[in-house]
There are 2 protein chains.
Amino acid sequence: MFSAKCPSRASLARIANKWTAMIVILLHEQPLRFGELHRQVDGITKKVLVDSLRALERDGMVEKDDVHYRLTPLGRTLHDPLRALQTWAESYVDDVQQAQERYDEAADNRLLGVAEANLD
Amino acid sequence: MFSAKCPSRASLARIANKWTAMIVILLHEQPLRFGELHRQVDGITKKVLVDSLRALERDGMVEKDDVHYRLTPLGRTLHDPLRALQTWAESYVDDVQQAQERYDEAADNRLLGVAEANLD
DNA sequence: CTGTTCGGTCACGTTGAAGTAACCACCCTC
DNA sequence: GAGGGTGGTTACTTCAACGTGACCGAACAG
(Lines give C-alpha, C1' and ligand atoms only; values in the text may rest on other atoms or scores of the structure.)
Protein backbone atom coordinates (compact mmCIF):
# COMPACT_ATOMS: atom_id res chain seq x y z
CA MET A 1 0.00 0.00 0.00
CA PHE A 2 2.78 2.44 0.83
CA SER A 3 4.82 1.09 -2.06
CA ALA A 4 5.07 3.48 -5.00
CA LYS A 5 4.00 1.02 -7.69
CA CYS A 6 1.16 -0.59 -5.75
CA PRO A 7 -2.05 -0.17 -7.76
CA SER A 8 -4.08 0.39 -4.60
CA ARG A 9 -2.02 3.52 -4.01
CA ALA A 10 -2.90 4.80 -7.47
CA SER A 11 -6.48 3.99 -6.62
CA LEU A 12 -6.23 5.98 -3.38
CA ALA A 13 -4.77 8.92 -5.28
CA ARG A 14 -7.78 8.90 -7.59
CA ILE A 15 -10.45 8.88 -4.90
CA ALA A 16 -8.64 11.15 -2.42
CA ASN A 17 -9.46 14.32 -4.37
CA LYS A 18 -11.98 17.05 -3.87
CA TRP A 19 -13.79 16.81 -7.21
CA THR A 20 -14.30 13.08 -6.81
CA ALA A 21 -15.70 13.63 -3.34
CA MET A 22 -18.13 16.35 -4.34
CA ILE A 23 -19.38 14.59 -7.46
CA VAL A 24 -19.89 11.24 -5.72
CA ILE A 25 -21.72 12.87 -2.82
CA LEU A 26 -24.02 14.79 -5.16
CA LEU A 27 -24.74 11.81 -7.39
CA HIS A 28 -25.50 9.68 -4.37
CA GLU A 29 -28.57 11.79 -3.66
CA GLN A 30 -29.89 11.46 -7.18
CA PRO A 31 -28.78 11.09 -10.80
CA LEU A 32 -28.01 14.45 -12.33
CA ARG A 33 -27.55 15.92 -15.79
CA PHE A 34 -24.32 17.59 -16.76
CA GLY A 35 -25.70 21.08 -16.34
CA GLU A 36 -27.18 20.34 -12.93
CA LEU A 37 -23.85 19.02 -11.71
CA HIS A 38 -22.13 22.01 -13.23
CA ARG A 39 -24.35 24.37 -11.28
CA GLN A 40 -24.13 22.51 -7.98
CA VAL A 41 -20.35 22.10 -7.90
CA ASP A 42 -19.74 25.80 -7.62
CA GLY A 43 -16.73 27.13 -9.47
CA ILE A 44 -15.87 24.01 -11.47
CA THR A 45 -15.24 24.63 -15.15
CA LYS A 46 -16.83 22.55 -17.90
CA LYS A 47 -13.47 21.13 -18.85
CA VAL A 48 -12.64 19.95 -15.35
CA LEU A 49 -16.12 18.55 -14.85
CA VAL A 50 -15.90 16.64 -18.13
CA ASP A 51 -12.43 15.33 -17.24
CA SER A 52 -13.58 14.29 -13.77
CA LEU A 53 -16.68 12.52 -15.08
CA ARG A 54 -14.66 10.70 -17.75
CA ALA A 55 -12.17 9.54 -15.13
CA LEU A 56 -14.97 8.36 -12.85
CA GLU A 57 -16.60 6.50 -15.75
CA ARG A 58 -13.29 4.89 -16.64
CA ASP A 59 -12.86 3.76 -13.06
CA GLY A 60 -16.35 2.26 -13.11
CA MET A 61 -17.80 4.53 -10.46
CA VAL A 62 -20.15 6.59 -12.60
CA GLU A 63 -22.18 5.72 -15.66
CA LYS A 64 -24.20 7.83 -18.01
CA ASP A 65 -27.70 6.67 -18.76
CA ASP A 66 -28.96 8.82 -21.62
CA VAL A 67 -28.55 12.30 -20.20
CA HIS A 68 -28.20 11.48 -16.49
CA TYR A 69 -25.02 10.63 -14.69
CA ARG A 70 -25.53 8.14 -11.89
CA LEU A 71 -23.36 6.14 -9.49
CA THR A 72 -22.67 2.51 -10.32
CA PRO A 73 -22.83 -0.06 -7.52
CA LEU A 74 -19.07 0.38 -7.18
CA GLY A 75 -19.50 4.12 -6.96
CA ARG A 76 -22.13 3.74 -4.28
CA THR A 77 -19.66 1.86 -2.06
CA LEU A 78 -17.48 4.95 -2.20
CA HIS A 79 -20.09 7.28 -0.85
CA ASP A 80 -19.78 6.56 2.85
CA PRO A 81 -16.00 6.99 3.11
CA LEU A 82 -16.11 10.21 1.10
CA ARG A 83 -19.08 11.50 3.02
CA ALA A 84 -17.14 10.88 6.22
CA LEU A 85 -14.36 13.11 4.90
CA GLN A 86 -16.84 15.84 4.04
CA THR A 87 -18.39 15.60 7.47
CA TRP A 88 -14.95 15.86 9.06
CA ALA A 89 -14.17 18.94 6.98
CA GLU A 90 -17.41 20.60 8.07
CA SER A 91 -16.98 19.64 11.72
CA TYR A 92 -13.40 20.79 12.16
CA VAL A 93 -13.04 23.80 9.83
CA ASP A 94 -12.90 26.12 12.79
CA ASP A 95 -10.17 24.18 14.57
CA VAL A 96 -8.15 24.09 11.36
CA GLN A 97 -8.52 27.82 10.81
CA GLN A 98 -7.52 28.61 14.37
CA ALA A 99 -4.48 26.36 14.04
CA GLN A 100 -3.50 28.18 10.85
CA GLU A 101 -3.80 31.56 12.51
CA ARG A 102 -1.67 30.45 15.46
CA TYR A 103 0.93 29.00 13.09
CA ASP A 104 1.10 32.08 10.89
CA GLU A 105 1.27 34.40 13.88
CA ALA A 106 4.11 32.38 15.34
CA ALA A 107 5.89 32.59 11.99
CA ASP A 108 5.44 36.37 11.95
CA ASN A 109 6.90 36.61 15.45
CA ARG A 110 9.90 34.57 14.41
CA LEU A 111 10.47 36.99 11.52
CA LEU A 112 10.21 39.94 13.90
CA GLY A 113 12.69 38.28 16.20
CA VAL A 114 15.16 37.96 13.36
CA ALA A 115 14.64 41.62 12.41
CA GLU A 116 15.26 42.72 16.02
CA ALA A 117 18.37 40.59 16.22
CA ASN A 118 19.66 42.28 13.07
CA LEU A 119 19.28 45.68 14.75
CA ASP A 120 21.84 44.75 17.38
CA MET B 1 -20.02 23.19 1.31
CA PHE B 2 -20.29 23.04 -2.47
CA SER B 3 -19.77 26.77 -2.62
CA ALA B 4 -16.39 27.78 -4.00
CA LYS B 5 -15.41 30.14 -1.21
CA CYS B 6 -16.65 28.01 1.66
CA PRO B 7 -13.69 27.31 3.98
CA SER B 8 -14.89 23.77 4.63
CA ARG B 9 -14.35 23.10 0.95
CA ALA B 10 -10.78 24.32 1.22
CA SER B 11 -10.44 22.09 4.22
CA LEU B 12 -11.75 19.12 2.26
CA ALA B 13 -9.28 19.83 -0.51
CA ARG B 14 -6.44 19.69 1.99
CA ILE B 15 -7.34 16.36 3.58
CA ALA B 16 -8.54 14.65 0.39
CA ASN B 17 -5.03 14.00 -0.87
CA LYS B 18 -2.85 10.93 -0.95
CA TRP B 19 0.14 12.30 0.97
CA THR B 20 -2.07 13.50 3.80
CA ALA B 21 -3.74 10.12 3.97
CA MET B 22 -0.51 8.12 4.03
CA ILE B 23 1.22 10.35 6.56
CA VAL B 24 -1.73 10.45 8.94
CA ILE B 25 -2.21 6.70 8.77
CA LEU B 26 1.49 6.05 9.47
CA LEU B 27 1.69 8.56 12.31
CA HIS B 28 -1.42 7.09 13.87
CA GLU B 29 0.47 3.86 14.56
CA GLN B 30 3.35 5.66 16.25
CA PRO B 31 5.32 8.90 16.20
CA LEU B 32 8.05 8.78 13.60
CA ARG B 33 11.20 10.67 12.76
CA PHE B 34 11.59 12.41 9.43
CA GLY B 35 13.83 9.68 8.02
CA GLU B 36 11.49 6.89 9.12
CA LEU B 37 8.54 8.59 7.40
CA HIS B 38 10.68 9.17 4.35
CA ARG B 39 11.50 5.48 4.11
CA GLN B 40 7.95 4.26 4.73
CA VAL B 41 6.18 6.54 2.27
CA ASP B 42 7.85 4.96 -0.73
CA GLY B 43 8.76 7.31 -3.54
CA ILE B 44 8.09 10.59 -1.76
CA THR B 45 10.87 13.14 -2.13
CA LYS B 46 12.33 15.06 0.78
CA LYS B 47 10.88 18.30 -0.54
CA VAL B 48 7.36 16.97 -0.80
CA LEU B 49 7.56 15.32 2.59
CA VAL B 50 8.79 18.55 4.17
CA ASP B 51 6.06 20.55 2.42
CA SER B 52 3.37 18.06 3.46
CA LEU B 53 4.51 18.00 7.08
CA ARG B 54 4.65 21.81 7.24
CA ALA B 55 1.12 22.02 5.84
CA LEU B 56 -0.11 19.44 8.35
CA GLU B 57 1.58 21.33 11.18
CA ARG B 58 0.01 24.56 10.01
CA ASP B 59 -3.40 22.94 9.94
CA GLY B 60 -2.85 21.69 13.48
CA MET B 61 -2.92 17.99 12.64
CA VAL B 62 0.71 17.14 13.24
CA GLU B 63 3.22 18.46 15.74
CA LYS B 64 6.92 17.88 16.12
CA ASP B 65 8.12 16.91 19.54
CA ASP B 66 11.94 17.12 19.43
CA VAL B 67 12.71 14.77 16.55
CA HIS B 68 9.43 12.86 16.32
CA TYR B 69 6.40 13.88 14.33
CA ARG B 70 3.16 12.87 15.99
CA LEU B 71 -0.55 13.43 15.43
CA THR B 72 -2.29 16.08 17.51
CA PRO B 73 -5.72 15.32 18.98
CA LEU B 74 -7.19 17.01 15.89
CA GLY B 75 -5.04 14.85 13.64
CA ARG B 76 -6.19 11.72 15.43
CA THR B 77 -9.82 12.53 14.59
CA LEU B 78 -8.82 12.42 10.96
CA HIS B 79 -7.46 8.92 11.09
CA ASP B 80 -10.66 6.91 10.83
CA PRO B 81 -12.07 8.69 7.76
CA LEU B 82 -8.76 8.48 5.95
CA ARG B 83 -8.26 4.90 6.98
CA ALA B 84 -11.68 4.11 5.53
CA LEU B 85 -10.55 5.54 2.20
CA GLN B 86 -7.41 3.44 2.28
CA THR B 87 -9.41 0.34 3.08
CA TRP B 88 -11.75 1.09 0.19
CA ALA B 89 -8.81 1.48 -2.16
CA GLU B 90 -7.39 -1.86 -1.11
CA SER B 91 -10.75 -3.64 -1.27
CA TYR B 92 -11.80 -2.44 -4.69
CA VAL B 93 -8.55 -2.07 -6.65
CA ASP B 94 -9.43 -5.09 -8.74
CA ASP B 95 -12.88 -3.80 -9.67
CA VAL B 96 -11.38 -0.46 -10.62
CA GLN B 97 -8.71 -2.05 -12.78
CA GLN B 98 -11.24 -4.24 -14.55
CA ALA B 99 -13.45 -1.23 -15.19
CA GLN B 100 -10.49 0.63 -16.65
CA GLU B 101 -9.64 -2.26 -18.97
CA ARG B 102 -13.23 -2.50 -20.18
CA TYR B 103 -13.35 1.25 -20.73
CA ASP B 104 -10.07 1.38 -22.61
CA GLU B 105 -11.00 -1.63 -24.74
CA ALA B 106 -14.31 -0.03 -25.63
CA ALA B 107 -12.46 3.14 -26.59
CA ASP B 108 -10.12 1.12 -28.81
CA ASN B 109 -13.11 -0.50 -30.52
CA ARG B 110 -14.67 2.85 -31.17
CA LEU B 111 -11.45 3.98 -32.83
CA LEU B 112 -11.42 0.82 -34.95
CA GLY B 113 -15.02 1.44 -35.91
CA VAL B 114 -14.14 4.91 -37.10
CA ALA B 115 -11.22 3.55 -39.10
CA GLU B 116 -13.46 0.95 -40.76
CA ALA B 117 -16.05 3.57 -41.56
CA ASN B 118 -13.34 5.60 -43.26
CA LEU B 119 -12.50 2.63 -45.49
CA ASP B 120 -15.95 2.72 -47.03
C1' DC C 1 -36.13 28.11 -40.40
C1' DT C 2 -34.07 30.85 -36.72
C1' DG C 3 -32.50 31.28 -32.21
C1' DT C 4 -31.23 29.18 -27.82
C1' DT C 5 -29.86 26.02 -24.52
C1' DC C 6 -27.37 21.85 -23.54
C1' DG C 7 -23.42 19.03 -23.51
C1' DG C 8 -19.75 18.89 -24.85
C1' DT C 9 -14.63 19.42 -27.85
C1' DC C 10 -10.39 21.84 -29.04
C1' DA C 11 -6.43 24.74 -28.70
C1' DC C 12 -4.31 27.17 -26.30
C1' DG C 13 -2.05 29.67 -21.72
C1' DT C 14 -1.31 29.70 -16.67
C1' DT C 15 -0.57 27.92 -12.22
C1' DG C 16 0.68 24.93 -8.71
C1' DA C 17 2.43 20.54 -7.29
C1' DA C 18 6.18 17.66 -7.59
C1' DG C 19 11.05 16.18 -9.12
C1' DT C 20 16.24 17.01 -9.11
C1' DA C 21 20.40 18.07 -7.36
C1' DA C 22 23.42 20.63 -4.79
C1' DC C 23 24.39 22.49 -0.49
C1' DC C 24 24.41 23.02 4.79
C1' DA C 25 24.34 22.84 9.97
C1' DC C 26 24.23 19.67 13.57
C1' DC C 27 25.44 15.68 15.86
C1' DC C 28 27.98 11.45 16.39
C1' DT C 29 31.73 8.45 16.05
C1' DC C 30 36.24 7.10 15.30
C1' DG D 1 39.22 16.80 13.35
C1' DA D 2 37.58 13.94 9.29
C1' DG D 3 33.78 11.38 7.70
C1' DG D 4 29.05 9.88 7.73
C1' DG D 5 24.16 10.10 8.79
C1' DT D 6 20.10 13.12 9.77
C1' DG D 7 16.99 16.76 8.68
C1' DG D 8 16.52 19.87 6.34
C1' DT D 9 16.94 24.49 2.59
C1' DT D 10 17.47 26.55 -1.92
C1' DA D 11 17.25 27.17 -6.77
C1' DC D 12 15.85 25.42 -10.90
C1' DT D 13 13.14 22.33 -13.89
C1' DT D 14 9.24 19.44 -15.30
C1' DC D 15 4.65 17.99 -15.45
C1' DA D 16 -0.15 17.59 -14.53
C1' DA D 17 -4.10 20.18 -13.29
C1' DC D 18 -6.77 23.83 -14.19
C1' DG D 19 -8.59 28.13 -16.63
C1' DT D 20 -10.21 30.53 -20.95
C1' DG D 21 -12.54 31.27 -24.88
C1' DA D 22 -13.99 29.88 -29.20
C1' DC D 23 -16.48 26.58 -31.57
C1' DC D 24 -19.96 22.80 -32.65
C1' DG D 25 -23.80 19.32 -33.32
C1' DA D 26 -28.14 17.92 -31.45
C1' DA D 27 -32.50 19.05 -29.52
C1' DC D 28 -36.21 22.09 -28.85
C1' DA D 29 -38.96 26.39 -28.82
C1' DG D 30 -41.03 29.91 -31.14
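Trainee: Which residues are around DNA strand D?

Mentor: In this predicted model, chain A supplies A:W19, A:T45, A:K47 and A:V48, while chain B supplies B:R33, B:F34, B:G35, B:K46, B:K47, B:V50 and B:V67. The elements that give two or more residues to this surface are α4 (46–58) of chain A together with α3 (34–40) and α4 (46–58) of chain B, and α4(B) provides the largest share, three residues.

Trainee: What makes a residue count as near the strand?

Mentor: The C-beta atom, placed from the backbone, must lie within 6 Å of the strand, and B:K47 is one of the residues listed on that basis. By class, this surface has five nonpolar, two polar and four charged residues.

Trainee: Why is the relation between chain A and chain B that of a two-fold axis?

Mentor: Chain B superposes on chain A by a rotation of 180° with 0.0 Å of shift along the axis, at an RMSD of 0.0 Å, and that is the relation of a two-fold axis. In chain B, the C-alpha nearest the axis belongs to B:A16, at 2.2 Å from it.

Trainee: How do you know that the copies meet through the same surface?

Mentor: Of the interface residues of chain B, 100% are also interface residues in chain A, so the copies meet through the same surface. The contact takes 41 residues from chain B and 41 residues from chain A. On the side of chain B that touches chain A, α5(B) gives the largest share, 18 residues, and the classes there are 23 nonpolar, eleven polar and seven charged residues.

Key:
Residues are numbered from 1 along each chain as its sequence is written. Chains are lettered from A and ligands numbered from 1 in the order in which they are written. This is a predicted model: local features need pLDDT of at least 70, side-chain atom pairs count only at pLDDT 80 or more; totals for chains, interfaces and linings use all residues. Helices (H or I, at least four residues) and strands (E, at least two) are DSSP runs, numbered from the N terminus. Ala, Val, Leu, Ile, Met, Phe, Trp, Tyr, Cys and Pro count as nonpolar, Asp, Glu, Lys and Arg as charged, and the others, Gly among them, as polar. Two residues are in contact if their C-beta atoms, placed from the backbone, lie within 7 Å. Copies are superposed by least squares on the C-alpha atoms of residues with pLDDT of at least 70 in both.
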